[in-house]
Amino acid sequence: MTITIIVFGLLIGAAVHEAAHALALRRLGIPISHAGLGLPLAPVLTIRTPWLPFDFTLSPWLVGAYVAHDEDYDAQVDSALMSAADDV
C-alpha cells in the first residue's frame, strides 16, 4: 500500500511539473503538438478534446511525463536566429 501511494504521488508530481512546462510554452506563444503521461511506448491511449489544442497520450508505462512543442517551431527559431546573426 505504501509503494502504491508513493508511485501515485510521483505521478501526480510529474503531471503537475509537465503542466507547468505546457503553461510556460503557451505563455511564450510556442505551439504544443502533444503531451503525455507515461512513456510513449505502445500501447497508448490518445485523447483528443475540443478544449485541449493538442493530443494527450496516456501510457501504461507510467515512468514519466512529457510535453512536446511543434517541430515547425524549431525551424522558425533557427531562421530568426540566423537573420539576427546576419544583422550584427
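Ile47 is a residue of strand β2 in what is a predicted model. With a relative accessibility of 31%, Ile47 counts as partly exposed, because partly exposed covers the range between the buried limit of under 20% and the exposed limit of over 50%. Between Ile47 and His69 there are 22 residues of separation along the chain, and their C-alpha atoms are 17 Å apart.

The loop between β1 and β2 (45-47) contains Pro43, and the peptide bond that leads from Ala42 into Pro43 is cis, its omega being near -5°. Gly38 lies in the loop between β1 and β2 as well, and Gly38 is buried, since its relative accessible area is 3% and the limit for buried is under 20%. In sequence Gly38 and Val63 are 25 residues apart, whereas in space the distance from C-alpha to C-alpha is 5.3 Å.

## The largest pocket

The largest pocket holds about 250 Å³ of space. The lining of this pocket consists of 16 residues, and those closest to its centre are Glu18, Ala19, Ala22, Ala35 and Phe54. The elements that contribute two or more residues to the lining are helix α1 (2-27) and the strands β1 (32-37) and β4 (65-69).

Which element gives the largest share of the lining of the largest pocket? That share, six residues, comes from α1.

## A salt bridge between Arg48 and Asp55

Side chains of opposite charge can pair when their charged atoms come close. In this model the count comes to one salt bridge, and it is formed by Asp55 with Arg48, whose closest N and O atoms are 3.1 Å apart. The pair qualifies because a salt bridge requires a side-chain nitrogen of Lys or Arg within 4 Å of a carboxyl oxygen of Asp or Glu.

Are the two partners buried or exposed? Arg48, at 62% relative accessibility, counts as exposed, while Asp55, with a relative accessible area of 24%, is partly exposed. The two residues therefore fall into separate classes, as the limit for exposed is over 50% and partly exposed lies between that limit and the buried one.

## Tyr73 in helix α2

Helix α2 spans residues 71-87 and includes Tyr73. Tyr73 and Thr49 are 24 residues apart along the chain, and their C-alpha atoms are separated by 23 Å.

How values were computed
Residues numbered from 1 in each chain as written. Predicted model: local features only at pLDDT ≥ 70, side-chain atom pairs only at ≥ 80, totals over all residues. Heavy atoms only, no water. 1 Å grid on protein atoms, 1.4 Å probe; cavity = no way out; pocket = protein on both sides within 12 Å on 5 of 7 lines; lining within 4 Å. Points joined across faces, edges and corners; volume = space filled by probe spheres on them. Helix = DSSP H or I, 4+ residues; strand = E, 2+ residues; numbered from the N terminus. Buried < 20%, exposed > 50% of the residue type's maximum accessible area, 1.4 Å probe, protein only.
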